[in-house]
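Subject: the structure you asked for

Hi,

Here is the structure for you to open alongside this email.

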Amino acid sequence: MAGDIHPDMNHLLSARDAAGPKGENAEEQRRFWTSYTRALNERRPDDMDVWDERVETPEYAVPVRIYRPSAATRPIPAIVYLHGGGFMLGDLDSSDTIAWGFAQETGALVISVDYRLTPEHPYPAAVNDSWNTLLWLEVEAGRLGIDPRRIAVAGDSAGGNLGAVMALKARDTGAVTLAGVAIIYPATGLDQDAPSYLEHADGPGLTRDGTIRYRDLYLAGNHDTDDAYARPIMAKNLAGLAPFWVHSAEIDPIRDDGRLFAAKMARDGGDVTYREARGMIHGFMRARMRGDAARREYALICRFLRHCLGRGEG
């Protein structure tokens, strides 16, 4: 049986109701997402320097937004932030409050990545954009005033999938050394017949049918692939990765994506911490400015990132 929904989640449900019908096609859903996320975003702090750039890659000029605490002294650590939205929704504005919050709470420079979306750009476009931005960040470390020994990745939902993939690619290629990875209510590629998909098929918020639509658009007719860069839960071995924080929501169809990924990583001897936000639904970080319990969950993520980014300092 599902637990009771935490009162902090009412802010998310009210914002969804106010945003109107979600619609069926990508254009309609993006309009809904803009309205929903705008209602929950908060103004950035005055002591935050924020600017936009483009990361030039062989495939695409990736838009990014960079957040730097004004009082930070060089060199500082960095976090690559990968937003959620089912690989179909989201941009630099939709998760602005989450991104500047990471910068504020950790003292790190945060770079938010506006990776390409489905249905226009299925896998591997989002992976390539995220990876190329991570490589670019190391190259630009001097200009940006960051310490390349202290780079972490944080991602939520679809961005949690991408965060896990960044860790796999970093291990497999040796091109980047990550200090830590935080994935929040991540979609790691679990089959949609796992218990949480059935228990919370109708949400609230994210639904099982919604996850299937997002999956089929992202994987473009190949949803059974065993490619770990598309479905990180399929990785044959999760040893040798950066330290991980995996944070699921209890009342969420993709809860078990996080549970099983963390369990598999622990079985393989990885450094992983798993937490489940009791009574909370998919997207709970968006309630951090409106509820004490959601704020505490967010603070734990930031504490992990601070701890990881302190490694190698000095």
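Let's start with His-83, which sits in the loop between β3 (76-82) and α3 (96-106). Keep in mind that this is a predicted model. His-83 has a relative accessible area of 0%, so it is buried. Its contacts, leaving out residues up to four places away in sequence, include Leu-89, Gly-90, Asp-91 and Ser-95, and also Val-113, Asp-114, Tyr-115 and Leu-117. Asp-156, Ala-158 and Gly-159 are on that list as well. Ala-158 is 75 residues from His-83 along the chain, yet their C-alpha atoms are separated by 7.1 Å.

At 8% relative accessibility it falls under the 20% cut-off, so Phe-87 counts as buried. Ser-157, in the loop between β5 (146-156) and α6, is another non-glycine residue with a positive phi, near 60°. Ser-157 is buried too, with a relative accessible area of 9%.

While you're looking at the backbone, check the cis peptide bonds. One joins Arg-74 and Pro-75, with omega at about -10°; Pro-75 is in the loop between β2 (61-69) and β3. Another joins Thr-118 and Pro-119, with omega at about 0°, and Pro-119 belongs to the loop between β4 (109-113) and α4.

Buried or exposed: what about Thr-188 and Gly-240? Thr-188, in the loop between β6 (180-184) and α7 (195-199), is buried at 0% relative accessible area. Setting aside neighbours within four places in sequence, it contacts Asn-161, Arg-231, Pro-232, Ile-233, Asp-257 and Phe-261. Gly-240, in the loop between α8 (208-219) and β7 (244-251), is exposed, with a relative accessible area of 63%. Its C-alpha is 8.9 Å from that of Leu-168, which is 72 residues away in sequence.

Now the core. The largest nonpolar core has 105 residues, and Phe-102, Leu-178 and Phe-244 have the most contacts inside it. Helix α10 (residues 292-310) supplies the largest share of this core, ten residues. Beyond four places in sequence, Phe-102 touches Ile-79, Tyr-81, Gly-107, Val-110 and Ala-154, plus Met-285, Tyr-298, Ile-301, Cys-302 and Leu-305. As background, nonpolar side chains in soluble globular proteins tend to be buried together.

Last, two helix pairs. The axes of α1 (residues 10-19) and α2 (residues 26-40) come within 9 Å and cross at roughly 140°, which makes α1 oblique to α2. The crossing is right-handed. From α1, His-11, Leu-12, Ala-15, Arg-16 and Ala-19 meet Phe-32, Trp-33, Ser-35, Tyr-36, Ala-39 and Leu-40 of α2. Sorted by class, that contact has eight nonpolar, two polar and one charged residues.

For α4 (residues 125-139) and α6 (residues 158-173), the axes are 10 Å apart at an angle of about 60°, so α4 is oblique to α6. α4 passes α6 in a right-handed crossing. Here Ala-126, Val-127, Ser-130, Trp-131 and Leu-134 of α4 meet Leu-162, Val-165, Met-166, Lys-169, Ala-170 and Thr-173 of α6. The contact of α4 with α6 has eight nonpolar, two polar and one charged residues.

Cheers

Terms used: Residues are numbered from 1 along each chain as its sequence is written. This is a predicted model: local features need pLDDT of at least 70, side-chain atom pairs count only at pLDDT 80 or more; totals for chains, interfaces and linings use all residues. Side-chain values use heavy atoms; hydrogens and water are left out. A nonpolar core is a set of buried Ala, Val, Leu, Ile, Met, Phe, Trp, Tyr and Cys residues joined through side-chain atoms within 4.5 Å. Buried means under 20% relative accessible area, exposed over 50%, partly exposed in between (1.4 Å probe, protein chains only). Helices (H or I, at least four residues) and strands (E, at least two) are DSSP runs, numbered from the N terminus. Contact means heavy atoms within 4.5 Å. Axes are lines fitted to C-alpha atoms, for helices over the stretch in contact, and angles run from 0 to 180 degrees between N-to-C directions. Angles under 35 degrees count as roughly parallel, over 145 as roughly antiparallel, 65 to 115 as roughly perpendicular and the rest as oblique. A crossing is left-handed if the near helix is turned anticlockwise from the far one by less than a right angle, and right-handed if clockwise. Ala, Val, Leu, Ile, Met, Phe, Trp, Tyr, Cys and Pro count as nonpolar, Asp, Glu, Lys and Arg as charged, and the others, Gly among them, as polar.
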